Protein chains: 2
Amino acid sequence: MELSWRRQRLTTRHRFATSQGGSDERETIVVRLEHEGVCGLGEIVPSQLYGQTLESSESALRRAGPMIGDDPYAIGPAVDRLIEGMDDQRAAIAGFDSALHDWVAKRWGVPVWRLLGLSPARTRTTFTIGVAEPDEIRTKVREALADGYDALKVKIGVEHDRETLAIIREVFDGPLLMDANAAWEPGQAAERIRGVAEFRPALIEQPLRREYWRDNAALRELGVAPIFVDESCERPADVVRLRGLVDGINIKFNKCGGIREALRMIAIARAQGMRVMLGCFVSSSLAIAPPLAIATLADFADLDGHLLLREDPFEGIARDGGAIALGEAPGLGIRERA
Amino acid sequence: MELSWRRQRLTTRHRFATSQGGSDERETIVVRLEHEGVCGLGEIVPSQLYGQTLESSESALRRAGPMIGDDPYAIGPAVDRLIEGMDDQRAAIAGFDSALHDWVAKRWGVPVWRLLGLSPARTRTTFTIGVAEPDEIRTKVREALADGYDALKVKIGVEHDRETLAIIREVFDGPLLMDANAAWEPGQAAERIRGVAEFRPALIEQPLRREYWRDNAALRELGVAPIFVDESCERPADVVRLRGLVDGINIKFNKCGGIREALRMIAIARAQGMRVMLGCFVSSSLAIAPPLAIATLADFADLDGHLLLREDPFEGIARDGGAIALGEAPGLGIRERA
């Protein structure tokens, strides 16, 4: 097996921001696993929030060979060894997990979603409106609706939330997910949530700072909307400790390490009566395809990372309004744009 | 897709008994799923303990067609629909789950364990010594050791436990799992467990009656051996409620419904820090192959159901002393004995 990688620079159409800051540029890493004439692809999308950088991911790539082993079909044991060996580099692990799934499915000539015993990979994705000035919000929402998206996620947790939400609700009556990105202290969250209730949130995501995960239980009782966590829930063990405290979790592959770990988190969440969202970071299509392959298992998909780009270096995800899909092409079905 | 089935009668070499009774005859159901010239096989092993009979399983088979659907590759959604439609007939669901996995893997020309992204299916199985008179215990243990088994499970929970255990420990120094099959009341279990401590149990399985699952926590604190549950743990939701109360669980496919549900239970158990055993009932090789395909994920395998038979109508599981394995043959690798 031969492993190689390169950085790729991505630019967003608009500057993209959350309550924690923003930018219009991002670099990710494209991983290639070549063996027996077949090439498996994966994308590493590091997030500093989780101790991941381009450098730490490249260091992980250099150390990974012996952990992946010499049997590319044995994805489960390979991912388990990677977790054991580099537990804090889950973005890199997700890149390997993607490349291994892509490789096996291409080798057998089947799509990854079928390899996993699932239905065809189709879902409705929310389109995300970042934190911005009122005029820009207006432009972004109009563009999104013109593009056919019928469910929106809006980043809140700043001073002018109510103004932003009023602008959106003037023109959009559909499902509106509100993501505070850990903006609030336990003492102020209830008031802030009540303050956005009139704008009919489909759910409120990560209202509290990461470490206050226990305090979500009280926010559920407000009855305003289901409470989901994102930053407070990275991995399977987190889902266990959140039992009874939240309505749902946002699973992202750079937090958990890819398809194998995500399937475990979904199993735990379902058995605990929780709902599941699949999320992403700004990335190319290559990092969106793995969560999209299992999106039929989720209640909400927020898989728009590639749709925020000015130019996507990869292609293969079909979009029809707010619906995105992978086809019957073998593997993840993602290829470099010609 | 064409579904057909027939009953098969099995006879054990010795009368096989637990603290709950025994017999030397058993009937199971062989399921065949034929499609595009490929035949997927499964075995239904009903247990009255879980509300399953040959008749209820055959009734489930007659109703299952529309729930399985018309895409045999989409095993996940098919199993989910079966669970929704016949939640109490998990033995029948396990038969379908087996036939679907066998079909897909044969269609692609790969073993089921590889389809699941796992390492080659090899494990050490315990050999089970049922409840019997001292002379018969002596004979059974001698036979087992002569056959090369190097880990034993013994059924306890009757009056002469200590006599049985002393006979075994005279000739066997290796790992000895003790299974009480729900024999004891909470008020007596601690004393009984202390009474077998000198015979060095590798673990104590299901000491308490099913409904007293909460009381296992106190038995762990005796420090005699890890406490596992079997009858108190059927499905994913049971694993969740047992968090912190037991050291491990015994997963059996006729309790949970097959590979898909077992993988979920293992994910939950691991995230909760629990250990995992894969167990079985007396059956032919056909019902042993599905748990064996995933046995590399377990800490203990008690997959000897077919080894207790006078004649096994199926073949395909290799045995070398206490080690059993599935080979590289496509699907489950199980075929009718010529």
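## A buried arginine and its partner

Let's start inside chain A: A:Arg90 has a relative accessible area of 4%, so it is buried (buried means under 20% relative accessible area, exposed means over 50%, and partly exposed is in between, with a 1.4 Å probe and protein chains only). A:Glu261 is buried too, at 5% relative accessibility. The two form a salt bridge, with the closest N and O atoms 2.8 Å apart (a salt bridge puts a side-chain nitrogen of Lys or Arg within 4 Å of a carboxyl oxygen of Asp or Glu). A:Glu261 sits in helix 11 (residues 259-271) of chain A and A:Arg90 in helix 3 (residues 90-108) of chain A, so the pair ties together parts that are 171 residues apart in sequence. Helices (H or I, at least four residues) and strands (E, at least two) are DSSP runs, counted from the N terminus.

A quick word on what you're looking at: this is a predicted model, where local features need pLDDT of at least 70 and side-chain atom pairs count only at pLDDT 80 or more, while totals for chains, interfaces and linings use all residues. Residues are numbered from 1 along each chain as its sequence is written, chains are lettered from A and ligands numbered from 1 in the order in which they are written, and side-chain values use heavy atoms, with hydrogens and water left out.

Over all chains, the whole structure holds 67 salt bridges. A:Arg90 and A:Glu261 belong to a network of them that also links A:Asp80, A:Asp87, A:Arg210, A:Glu234, A:Arg235 and A:Arg264. Elsewhere in chain A, A:Glu211 and A:Arg209 meet through their side chains in a salt bridge of 2.6 Å, N to O. Here A:Glu211 is partly exposed at 43%, and A:Arg209 is partly exposed at 30%.

Over in chain B, B:Glu55 pairs with B:Arg7, the closest N and O atoms being 3.2 Å apart. This one links distant parts of the chain: B:Glu55 is in helix 1 (residues 54-68) and B:Arg7 in strand 1 (residues 2-18) of chain B, 48 residues apart. B:Glu55 counts as partly exposed at 46% relative accessibility, and B:Arg7 as partly exposed at 33%.

## Where the two chains meet

The contact takes 24 residues from chain A and 24 residues from chain B (contact means heavy atoms within 4.5 Å). Together the chains bury about 2,000 Å², 63% of it on carbon and sulfur atoms; that is the accessible area (1.4 Å probe) the two parts lose on being put together, summed over both. Between chain B and chain A there are 0 salt bridges, but 8 residue pairs are in polar contact, both residues being at pLDDT 80 or more. A polar contact is a pair of N or O atoms within 3.5 Å; within protein, one must be able to donate a hydrogen and the other to accept it, and residues adjacent in sequence count only if both atoms are side-chain atoms.

On chain B's side, the elements giving two or more residues are helix 2 (75-85), helix 4 (112-115), helix 9 (236-241) and helix 11 (259-271). Helix 11 of chain B gives the largest share, 5 residues. That side of chain B divides into 15 nonpolar, 4 polar and 5 charged residues (nonpolar: Ala, Val, Leu, Ile, Met, Phe, Trp, Tyr, Cys and Pro; charged: Asp, Glu, Lys and Arg; polar: the others, Gly among them).

## How the copies are related

A rotation of 180° with 0.0 Å of shift along its axis superposes chain B on chain A, with an RMSD of 0.0 Å. The two copies are thus related as by a two-fold rotation axis.

Which residue of chain B comes closest to the rotation axis? B:Ile268 does, at 2.7 Å (C-alpha). The same surface serves both copies, with 100% of the contact residues of chain B recurring in chain A.

## A buried lysine and a buried serine

B:Lys255 lies in helix 10 (residues 253-256) of chain B and is buried, with a relative accessible area of 0%. Its side chain makes a polar contact of 2.5 Å with the side chain of B:Asp230, and also reaches the backbone oxygen of B:Cys233 at 2.9 Å.

In chain A, A:Ser56 is part of helix 1 (residues 54-68) and counts as buried at 18% relative accessibility. The side chains of A:Ser56 and A:Gln89 are joined by a polar contact of 2.8 Å.

Methods. Copies are superposed by least squares on the C-alpha atoms of residues with pLDDT of at least 70 in both.
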